[in-house]
Amino acid sequence: MKTNGHDATVALGGKVQGFAENDGAKGTKASGEIRLYAVPEPVMKRAHVSGMSAYEELVAEAGADHSAYWARLAREFVTWKRPFTQSLDDSEAPFFKWFEDGTLNVSYNCLDRQVERGLGDKVAILFEADDGQVSRVTYSELLARTCRLANVLRARGVKKGDRVVIYMSMSVEGVVAMQACARIGATHSVVFGGFSAQSLRDRMEGAGAVMVITADEQLRGGKQLPLKAIVDEAIALGGCDAVKDVIVYKRTGAKIAWHPSRDHWMHEATEGQPDTCEPEWVGAEHPLFLLYTSGSTGKPKGVQHSTGGYLLHAAVTTKWTFDLHDNDVFWCTADIGWVTGHTYIAYGPLAIGATQVVFEGVPTYPDAGRFWKMIQDHKVTVFYTAPTAIRSLIKAVSANDAAHPKHYDLSSLRILGSVGEPINPAAWEWYHAHVGGGRCPIVDTFWQTETGGHMITPLPGATPLLPGSCTLPFPGIAAAIVDDIGNDVPDGQGGMLVVKKPWPGMIRTIWNEDERFKDSYFPRELKGYYLAGDGAIRDEATGYFTITGRIDDVLNVSGHRMGTMEIESALVSCTELVAEAAVVGRPDETTGETICAFVVLKGPRPTGDAAKKIAAELRSWVGKEIGPIAKPKDIRFGDNLPKTRSGKIMRRLLRSIAKDEPITQDISTLENPAVLDQLMERN
């Protein structure tokens with residue numbers, strides 16, 4: 001049987017299947033067969049991993065000797081100052097160690113190594129500002145800028161193992177700050193520029209930061225938004241006494257408060273510094289960075305990543321998943337405040353000597369054609385964005401045809417990617433047809449802050465595609481679906497997604513919370529498997545994985561993970577108004593999931609305009625406490641929350657109410673059924 005002219009009888013996940021010819025079907029089953037999008041011949045011919053047989057050879061190699069497989073790749077993709085002699089040390093599981101006795105430097109691997117192999121004049125970063133101004137930075141220039149800032153950090157007393165918080169928008173300077181920390185062995189913790197002063201303070205305190213690198217302001221969508229002022233406010237809240245210096249990048253030149261004993265302009269501090277800086281050679285397990293992510297308990301988790309294993313995973317997945325070659329122009333639209341911006345902007349592309357676009361702005365400014373114009377102007381070949389962005393642009397096109405991708409020359413594109421959340425089949429089809437012109441494979445990547453890089457993803461030169469499915473595990477990732485005691489479930493039956501074997505890029509621990517790390521990711525009942533926290537199902541015919549959603553109380557809004565407890569805590573901290581609150585998620589066609597809050601006030605339950613007014617106040621409060629992305633879209637008021645007679649909130653009822661579904665669950669244990677009618681009222 002053939003698919004787009006190619007033999008489509010291929011092995012998938014250990015299963016051999018015949019596939020029906022792709023005649024425009026939408027990835028559905030027909031006559032017992034799966035309609036898939038075949039790998040385009042031009043992509044397969046030049047791919048680093050070419051064809052399913054090549055994929056299966058890698059999977060077999062990893063299966064035969066897991067640690068030797070990763071050791072081979074570590075020698076191929078990473079330059080070591082002192083070569084490692086042991087690959088995996090699992091003697092203190094789940095605190096796994098990879099390449100522990102090897103030494104290296106991430107900045108050297110990303111920058112010096114590229115210059116030494118003759119890529120000094122190659123463009124490393126093609127930066128487009130919010131206003132459309134474009135600048136190009138070569139590998140030699142990026143190395144020099146990194147060294148100058150690294151010298152400043154050393155001069156200010158920052159040393160190996162110190163933590164530095166970076167609170168910046170998308171910029172070359174943000175990448176330089178991360179690389180400069182890595183160069184001197186400091187552990188950076190990047191905080192998304194949309195987080196509030198309180199959230200920033202919590203992360204600064206949690207990390208024990210000795211320095212903050214920020215900017216006067218950031219530009220987004222034509223607006224100037226404060227950064228330095230929020231840093232000042234965060235420090236004023238207390239608990240950040242370890243912070244001795246604040247380095248400020250002058251982005252807009254706005255008038256800002258200044259503390260001469262603490263604050264330093266980046267351009268003044270780096271002026272006159274040498275363009276060279278000897279790297280700090282660190283052990284492979286040295287913490288490269290902390291990245292705080294939301295947890296179901298409400299307290300953000302400081303995910304700790306290593307140096308050697310993380311760099312390896314970043315480099316290998318960047319090269320294979322995106323099939324990057326020397327002449328590609330790669331563009332990941334993520335922010336460096338999230339893990340995608342770490343792995344697929346600050347580290348992965350630079351580690352393999354790629355040219356990449358870094359974008360300061362938003363996809364809808366000055367109009368919704370911004371992404372397509374940039375792809376056209378910069379001849380982007382590999383484009384990686386979020387389903388939320390795709391869905392919002394689909395909406396924009398329906399309102400304004402001028403924003404449609406068809407009005408732009410996107411012929412340079414050859415591979416598309418999706419990240420942050422599962423992409424629904426309708427958005428996948430639109431992306432494939434209208435952005436990729438029906439010729440570009442879409443790599444629908446599943447991974448997490450904790451995993452360091454891609455875990456389940458198509459490889460564009462090997463994997464036939466099924467809209468809505470992230471397809472097969474990356475070679476070397478032992479993904480499986482199990483029940484609540486760790487037993488494998490049959491294909492076609494949903495369960496919990498786990499990884500049965502450690503991999504180099506995995507989380508090492510939660511910063512200063514080893515027990516929480518074990519409880520969160522390696523619960524005793526799961527036989528030592530890594531628990532992803534997502535549900536999944538594996539197709540009986542293809543062996544393809546589909547992610548079905550979180551199994552804990554963590555929401556995924558526009559690809560950003562937020563704990564329900566964190567939002568609930570913010571609401572309840574408005575002590576003048578709120579007595580109790582519960583937060584759940586609701587599916588949303590644009591953001592994937594949206595936040596719905598159920599609130600009990602200290603005063604009478606408001607209705608009508610009064611309810612709308614208080615809801616607006618609470619949204620602003622949450623925005624101030626956490627950040628704008630955490631504002632509940634829907635706030636409803638009740639005299640109480642639905643509880644069992646033992647006092648437990650029945651969240652399953654709240655989820656049904658949020659979705660405007662009829663209550664079909666058993667409510668015989670509900671103490672106060674009358675509140676259900678109250679909570680069904682929208683404001």
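Arg163 has Thr187 as its bridge partner in strand S13. The two strands involved, S12 (residues 163-167) and S13 (residues 187-190), pair in the parallel sense over 4 bridges. Strands pair here if DSSP finds at least two bridges between them; helices (H or I, at least four residues) and strands (E, at least two) are DSSP runs, numbered from the N terminus.

Before going on, a word on the model: it is predicted, so local features need pLDDT of at least 70 and side-chain atom pairs count only at pLDDT 80 or more, while totals for chains, interfaces and linings use all residues. Residues are numbered from 1 along each chain as its sequence is written, and side-chain values use heavy atoms, with hydrogens and water left out.

**The sheet and what packs on it**

S12 and S13 belong to an open sheet of 8 strands with mixed pairing, in the order S18-S17-S14-S12-S13-S20-S21-S29. At its edges sit strand S18 (263-265) and strand S29 (509-510), each of which pairs on one side only. In S12, 4 of the 5 residues are buried, so this strand is largely enclosed by the rest of the structure. Buried means under 20% relative accessible area, exposed means over 50%, and partly exposed is in between (1.4 Å probe, protein chains only).

Helix H7 (residues 197-207) has its own set of buried residues: Ala197, Ser199, Leu200, Arg201, Arg203, Met204 and Ala207. They pack against S12, strand S14 (211-215), strand S20 (289-293) and helices H8 (228-236), H16 (564-572) and H17 (608-625). Just after H7 comes Gly208, with a positive phi of about 65°.

**Two helices crossing**

Helix H6 (residues 172-184) and helix H11 (residues 339-351) have axes that come within 11 Å and cross at roughly 65°. The axes are lines fitted to C-alpha atoms, for helices over the stretch in contact, and angles run from 0 to 180 degrees between N-to-C directions. The crossing of H6 and H11 is right-handed; a crossing gets that label if the near helix is turned clockwise from the far one by less than a right angle, and left-handed if anticlockwise. From H6, Val175, Met178, Gln179 and Ala182 meet His342, Ile345, Ala346, Tyr347 and Leu350 of H11. Contact means heavy atoms within 4.5 Å. Sorted by class, the contact of H6 with H11 has 7 nonpolar, 2 polar and no charged residues. For that sorting, Ala, Val, Leu, Ile, Met, Phe, Trp, Tyr, Cys and Pro count as nonpolar, Asp, Glu, Lys and Arg as charged, and the others, Gly among them, as polar.

**The annotated binding site**

UniProt, in an unreviewed entry, places the feature "binding site" at Arg220, Gly221, Gly222, Lys223, Thr340 and Ser558. These residues span 339 residues in sequence, and the farthest two C-alpha atoms are 24.2 Å apart, so they do not all gather at one spot. UniProt positions are in the numbering used here, feature names are shortened, and annotations may be inferred rather than shown by experiment.

Arg220 lies in strand S15 (residues 217-220) and is partly exposed at 28% relative accessibility. Leaving aside its neighbours within four places in sequence, Arg220 is in contact with Asp130, Leu225, Asp335, Glu360, Gly361 and Val362. Lys223 lies in strand S16 (residues 223-226) and counts as exposed, at 54%.

**A buried tryptophan**

Trp331 lies in strand S22 (residues 329-332) and is buried, with a relative accessible area of 0%. Beyond its neighbours within four places in sequence, Trp331 is in contact with Val357, Phe359, Phe371, Met374, Ile375, Val380, Val382, Phe383 and Tyr384.

| Residue(s) | Backbone value | Loop |
|---|---|---|
| Ala93 to Pro94 | cis, omega near 10° | Pro94: between S7 (88-89) and S8 (97-98) |
| Tyr365 and Pro366 | cis, omega about 0° | Pro366: between S23 (355-359) and H12 (370-378) |
| Lys379 | positive phi, about 55° | between H12 and S24 (382-385) |
| Thr471 | positive phi, about 70° | between S26 (442-444) and S27 (479-482) |

Lys379 is partly exposed, with a relative accessible area of 47%, whereas Thr471 counts as buried at 0%.
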